[in-house]
Amino acid sequence: MILPAALYFWQIPHFMALAYLCRNDYLAGGYRMFSFADPTGRRTAWVSLRNCLYMLPLGLFAYNWGLTSEWFSFEASLLTLGLTIGALSFVLEPSPKTARRMFYGSLLYLPAFMSGLLLHRLPSEQKAHNLAENNELDGVLYGADLQDEERARQKRQDTKPSRVQSLPPVSYASVAPFPFLPVPIYES
């Protein structure tokens, strides 16, 4: 959830700065962008700031969920705060200079955030230890044991041979987003 959220919320400030800088080029090319309807650039800047604020807790979430060390939450918060300050300067003074500064900041943000995520990730046994340490409800652990027993019983039942022959999956829905892929052919 951290990676998709970071990519999703990062792309809006990045693109809003770019759209503000290149709005005349987009207009000449026939593209109607959000920044075209905003001649002052204020709404474009506010959208950028809003999405920068959405990125602030991502480092804390990564630490709280046991994915990274506490250093990552600190570093990611500082990094996001830097991008947020760039967006705030774009809000206070919407100009090509502040938009360009925010754009360059967004170019630095994503590789630094992803590198920090890789550098500070915790090994699997450390994740398990942190999650067990943070878990204060014994009932949750008891419920997990019951679920494990239920899964083991279900797995034993699933391994029994079945007389019903399964049909191949329908592949049209899985191929729809990729029209360049050939449709699989299943033989009966």
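Predicted model: local features only at pLDDT ≥ 70, side-chain atom pairs only at ≥ 80, totals over all residues.
Visitor: Why are α1 and α3 called roughly antiparallel?

Guide: The axes of helix α1 (residues 2-21) and helix α3 (residues 42-55) cross at roughly 160° and come within 9 Å. Angles run from 0 to 180 degrees between N-to-C directions, and axes are lines fitted to C-alpha atoms, for helices over the stretch in contact. Angles over 145 degrees count as roughly antiparallel, under 35 as roughly parallel, 65 to 115 as roughly perpendicular and the rest as oblique. The two helices, α1 and α3, are therefore roughly antiparallel.

Visitor: What makes the passage of α1 by α3 a left-handed crossing?

Guide: A crossing is left-handed if the near helix is turned anticlockwise from the far one by less than a right angle, and right-handed if clockwise. The crossing of α1 and α3 is left-handed.

Visitor: How is α1 placed against α6?

Guide: Helix α6 (residues 96-119) packs with α1 at an angle of about 160°, their axes being 8 Å apart. That angle makes α1 roughly antiparallel to α6.

Visitor: Why are α3 and α5 called roughly antiparallel?

Guide: For α3 and α5 the packing angle is about 165° and the axes are 8 Å apart. These helices are therefore roughly antiparallel to each other.

Visitor: Why is L78 called partly exposed?

Guide: Buried means under 20% relative accessible area, exposed over 50%, and partly exposed in between (1.4 Å probe, protein chains only). L78 has a relative accessible area of 46%, so L78 is partly exposed. This residue lies in helix α5 (residues 70-92).

Visitor: How do you know that P57 is partly exposed?

Guide: P57 has a relative accessible area of 28%, and is therefore partly exposed. P57 is placed in the loop between α3 and α4 (58-64). Between the C-alpha atoms of P57 and S77 there are 7.2 Å, although the two are 20 residues apart in sequence.

Terms used. Residues numbered from 1 in each chain as written. Heavy atoms only, no water. Helix = DSSP H or I, 4+ residues; strand = E, 2+ residues; numbered from the N terminus.
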